Amino acid sequence: MSTVIEVSGLSKRFGKVVALDNVSFSVGQNKICGLLGRNGAGKTTLMQLLTGQQFATSGTIEIFGRSPVETASVLERICFIKESQTYPEDFCVKHVFASAPWFFGGWDAGFADQLIDDFRIPTNRRVKKLSRGQLSAVGVVVGLASRAPLTFFDEPYLGLDAVARQTFYDRLLEDYAEHPRTVILSTHLIDEVSNLLEHVIVLDQGRVIIDGAADDVRSSATTVVGPRDAVDAFVGDRAALSRQGVGGLASVTIHALTSDERHAAGDAGLELSPVSLQQLIIHRTNSSSREFEQSA
Amino acid sequence: MTIDARATRPATTGALTRIVNVARLHLTQKGTLLVLPWLILGFIFLVNLLIWWILASALPPADRFDAEEGMQFSGASMFIFVYMLVVAVQAINATFPFALGYGVTRRDFYLGSSLTFVLLSLYYALGMTLLAELERATGGWGLGGAMFDVVFFDAGTPLQRFALFLLAFLFFFFVGAATAAVYVRWRSRGMLVFFAALALITVGLAWLATDTGSWPLIGGWFTENGALGVAIWSLVPSTAAAIAGLVLIRGATPRT
């Protein structure tokens, strides 16, 4: 497998604030990778570092084998769509789409026009006058139609309604199938994108707490549901990621079970249910902040 | 693990193409950059025309000469130079984060912006030269007025006058570019320090000139060199500002 992103020992401090703390991971070519985590976890900072917009305090970043900072041969293959993107004064929407092909070798004007229709973007309007959702849609169109070998979407759909978000997912998958590329998607709407992702990286307080194939991550935990006594007996000494109870019933999320253990649970009259990516991340970020508080 | 074979290849687009593309990005806003300044200057011109007409009809012919002499010091067209400084600040500040999002390096962004400023300087210098020649040919638009053909831009041949305008525009554009680079790099804190330092240096130099009694010398330098000579000397601060801008931009990060 070819590696597109290789990060090792990466830290970034802003004064006393540690935004990223010794982060290491790699992303393979033509993967759709979810960069997930709470607000302030360091997602945007990480993407700015990966696109050469910020300078690392320590550690190394290799994109297509080279540092992205001021490297034209790397940067010309990157498209970074961020939620807070600012546009030049007096830019109309059509100016954005007219200028994009000068910078993205793989720009597909026909695809862009189709997306503009899909998202109903008014092209003659000034960017400043767009609604939040329309502004996000402009970014999404640039990100998809640029077909950059490495595309970053940082919270790309702020203000987009459910229909528009689904359109984004559909178009992304369709186009990805025909033109494979590496996509890094940062979002809060974890369950919505869960099926898109092949690789998941979860940041919490500047550190990587989960890094793995989406399927492995999803199957790394399971929820045991049943009568409280039976659940407690089965869970025993196992570490519980979360514990909930109503009346005599309990539901406890624990790490993945072997098939023997799954049989044992069935014999004990317990139900096993999968854990959604979103729930798993909530459990893991909660527990990591508890550990953090304890160690502090 | 193997690294993508295409990794170490050079960029597909040449450096010059990338720089020209940044200039095209700036020049997308044709109205603001190419038309609006002329419209504002046109309005100022109309007001001046009105004043000249009032003077011409009110003054007895004997005093006309004095009035025309005085108009030689008109600063009415100064607006366009200051406006270009603002254009440079705006262009750098508003386009920098956008260009980085498009995968442009800071170096290419700055060089492309500089190319834009040189092109705009040529464009406006040409326009100002034509207006100055027209003003001279029509005897001050038939009213003895002066707005473009004034003492600050007095430089013999039309070509020399064009050079003078060009150098003046370059000076204002690159001072604007350097100022914007300070802002992009350090935001409002940088601006505060920058202007405080500028004020201190200006006052310091003025004090030095007064203390050593060198004001006549400085005045002499200006008259000796003439408008064009001073403009040629402006290449020193213009170049310094251009280089400072590049150095500062290369360490700048877009606001989050």
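**Ground rules.** I count residues from 1 along each chain as its sequence is written, with chains lettered from A and ligands numbered from 1 in the order in which they are written. Because the model is predicted, I note that local features need pLDDT of at least 70 and side-chain atom pairs count only at pLDDT 80 or more, while totals for chains, interfaces and linings use all residues.

**Entry 1: the two chains.** I looked up where the chains touch, taking two residues as in contact if their C-beta atoms, placed from the backbone, lie within 7 Å. I found 36 residues of chain B in contact with 31 residues of chain A. Helices H1 (15–26), H4 (78–101) and H5 (106–137) of chain B each supply at least two residues of chain B's side. My helices (H or I, at least four residues) and strands (E, at least two) are DSSP runs, numbered from the N terminus. H4(B) gives the largest share of that side, 7 residues.

**Entry 2: two helices in chain B.** How do H5(B) and H9(B) cross, left-handed or right-handed? I found the crossing to be right-handed, meaning that the near helix is turned clockwise from the far one by less than a right angle. The axes of H5(B) and helix H9 (residues 235–250) of chain B come within 9 Å and cross at roughly 150 degrees. That makes H5(B) roughly antiparallel to H9(B) (angles over 145 degrees count as such).

**Entry 3: a sheet in chain A.** I traced an open, mixed sheet of 6 strands in the order E5-E6-E7-E3-E8-E9; strands pair if DSSP finds at least two bridges between them. E5 (78–82) and E9 (207–213) of chain A stand at the edges with a single partner strand each, so one side of each has no neighbour in the sheet. From one strand to the next, the twist averages 15 degrees. E8 (residues 199–204) and E9 of chain A run antiparallel, joined by 6 bridges. Asp204(A) has Arg207(A) as its bridge partner in E9(A).

**Entry 4: domains of chain A.** The domain assignment gives domain 1 (3–216) and domain 2 (219–295); such bounds come from an automatic or database assignment. Their centres, taken over C-alpha atoms, are separated by 34 Å. I found 13 residues of domain 1 in contact with 10 residues of domain 2. E8(A) gives the most to domain 1's side, with 3 residues.

Terms used:
Axes fitted to C-alpha atoms, helices over the stretch in contact; angles between N-to-C directions. Parallel < 35°, antiparallel > 145°, perpendicular 65-115°, else oblique.
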